[in-house]
Amino acid sequence: MKEWNNRYLWLSNIKYDSFIRVDLVQDQITGKKCIAKAIKNDAPSIYIHQFRMEIKVLSMIQHPYMPHILDVFEEHDSLILIESYVEAQNFQDWTEKHPFQLLFLKDIFFFQALNLIDYLHQFNLLYIDIKTENFLISKYHLYLIDFNACVYNESKQIPFSSPSNHLPEQLDNQSKTMASDVYALGKFFETISLFKIPLIKKCTHKNPNKRFQSFSTLKKVLILHMILKAIVILILSASCLSFMNQGKEAYTIQRFLLNPEDETLFMEAYMYDLQRQEGAYYEKCASVLYQWICDDYFSDCLENEKISEFIMKQVIICQNPIYCEYFLKHIPKHILIQYKELTSFMKQIMNGGMSDAFANEYITYLFQTKSYETLSTYMYYLISNQIILDDIDLLYEINIEIKQDFYDFDKCSLLYCEYCLFLKEQNQCRLPIPELYTKSNNEEVQQLLRYLERK
């Protein structure tokens, strides 16, 4: 089988043309699947330029619903990009198979797509090629992929776009702005909508100056559109709602909203919502936090210090800098000071990494508090930032406390073994493996254990 960089094992081809190929590969160190994109060195210069642009974009962003750059290297006659793999379905295929669900969820998907593109705009980037094929969907949330058409804001030339979102101003020599992405986003919404509503018409106006000029304005109009549609639905269904029993979810949420600072009611509502989500624990947390922020459920409960402490840990588990920024602004300052270690961790995530000094402080906090909810996130940052702890034995002492019924047992065992492998590659002393980790049923853990034994 083909192998790249003595590490990435070829599994299957996803896409291939004259200059670029996309493959599914497996990282033989971690056992994880990845995406490998390769471009030939003799490809046209514009293809190579945009391939490097995609590398640059992936190096800048850090978002839970976008791929992460893992590796870049040259091999033989090609430049190769390795990025994270998402177990998800192509959104275009999903829309064809689930037309009924799309009818009710299209506004939510549009809002998600809008937020993803808006995130790129924070880096002064235009995505340009917004279409259903460039989105994946998993657990009713969109993932944005393929950044090879990105250009900087105010660029005059657009190298790539698709017939479905070809800009009226594409061939002129005027600077392209965020209004160009507004147009492409409107075309995307048009493809998943039955009717060309006024919002779509405004987005896709041929004159860029007559479109929405900012995503913040577009968001407000979309929210108003969703509210008005919800009101219409409520009015039409009011006659039958009185005969229906209120669902458990609505009941728990309503009880909490009536008394938002009650810790017990908050936990009942939050955990009920969390249990309804699918995916890994951090994905569940991200979904609930996103929904509760959108619904403004946090506005009156963060004065409760225990609720704020719990939410800070949930945010750290998500590793989402946007959520960190939101809650650092909304949690009262005296609570942030009281939980200074969690506050500092959130700031580290916002800064995109972890310092050695903080890492050594935080492990003491974990050991002393015996509060291990953020342990897997902490170990992830130790590995990604290649930090060698001053007292690595303390990490072992903490991990032997992790029991099999701990919700994050599998992730902790995997990351601990990955950190042991990192230490060994750095010629550091070998950490023992907790007995429960050696008995893990997780194949990735067992593969790492075998690799450690061979090393």
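A nonpolar core is a set of buried Ala, Val, Leu, Ile, Met, Phe, Trp, Tyr and Cys residues joined through side-chain atoms within 4.5 Å, where buried means under 20% relative accessible area, exposed over 50% and partly exposed in between (1.4 Å probe, protein chains only). The model is predicted, with local features needing pLDDT of at least 70 and side-chain atom pairs counting only at pLDDT 80 or more, while totals for chains, interfaces and linings use all residues. Residues are numbered from 1 along each chain as its sequence is written, and side-chain values use heavy atoms, with hydrogens and water left out.

The largest nonpolar core has 130 residues, of which Phe327 and Tyr378 touch the most other members. Helix H17 (residues 409–425) gives the most to this core, with eleven residues; helices (H or I, at least four residues) and strands (E, at least two) are DSSP runs, numbered from the N terminus. A second, separate core of nine residues includes Tyr8, Val25, Ala38 and Phe73.

Tyr378 belongs to helix H15, where the buried residues are Leu375, Ser376, Thr377, Tyr378, Met379, Tyr381, Leu382 and Ile383. Eight of the ten residues of H15 are buried, so this helix is largely enclosed by the rest of the structure. Its buried residues pack against H10, H13, H14, H16 and H17. Not counting residues up to four places away in sequence, Tyr378 touches Phe345, Met354, Ala359, Tyr362, Ile363, Leu366, Leu389 and Leu395, contact meaning heavy atoms within 4.5 Å.

Helix H10 (residues 305–318) and helix H13 (residues 340–350) pack at about 30°, with their axes 10 Å apart. Axes are lines fitted to C-alpha atoms, for helices over the stretch in contact, and angles run from 0 to 180 degrees between N-to-C directions. The angle makes H10 roughly parallel to H13, a label for angles under 35 degrees, with over 145 counting as roughly antiparallel, 65 to 115 as roughly perpendicular and the rest as oblique. On the H10 side, Glu309, Met312, Lys313, Val315 and Ile316 meet Leu342, Thr343, Phe345, Met346 and Ile349 of H13. These residues divide into seven nonpolar, one polar and two charged (Ala, Val, Leu, Ile, Met, Phe, Trp, Tyr, Cys and Pro count as nonpolar, Asp, Glu, Lys and Arg as charged, and the others, Gly among them, as polar).

The axes of H14 (356–369) and helix H16 (residues 392–399) come within 10 Å and cross at roughly 30°. Ile363, Thr364, Leu366 and Phe367 of H14 make the contact with Leu394, Leu395, Glu397 and Ile398 of H16. By class there are six nonpolar, one polar and one charged residues.

Most residues other than glycine have a negative phi. Lysine 370, in the loop between H14 and H15, has a positive phi near 55°, and its 46% relative accessibility makes it partly exposed. Just after H15, glutamine 386 takes a positive phi of about 50°. Asparagine 5 also has a positive phi, about 55°. It sits in the loop between strand S1 (3–4) and strand S2 (8–16) and is partly exposed at 36% relative accessibility.

Cysteine 150 lies in the loop between strand S10 (141–144) and strand S11 (151–152). With 1% relative accessibility, cysteine 150 counts as buried. Its contacts, not counting residues up to four places away in sequence, are Gln50, Met53, Val57, Leu126 and Tyr127. Cysteine 150 and tyrosine 127 are 23 residues apart in sequence and 4.5 Å apart in space, C-alpha to C-alpha.
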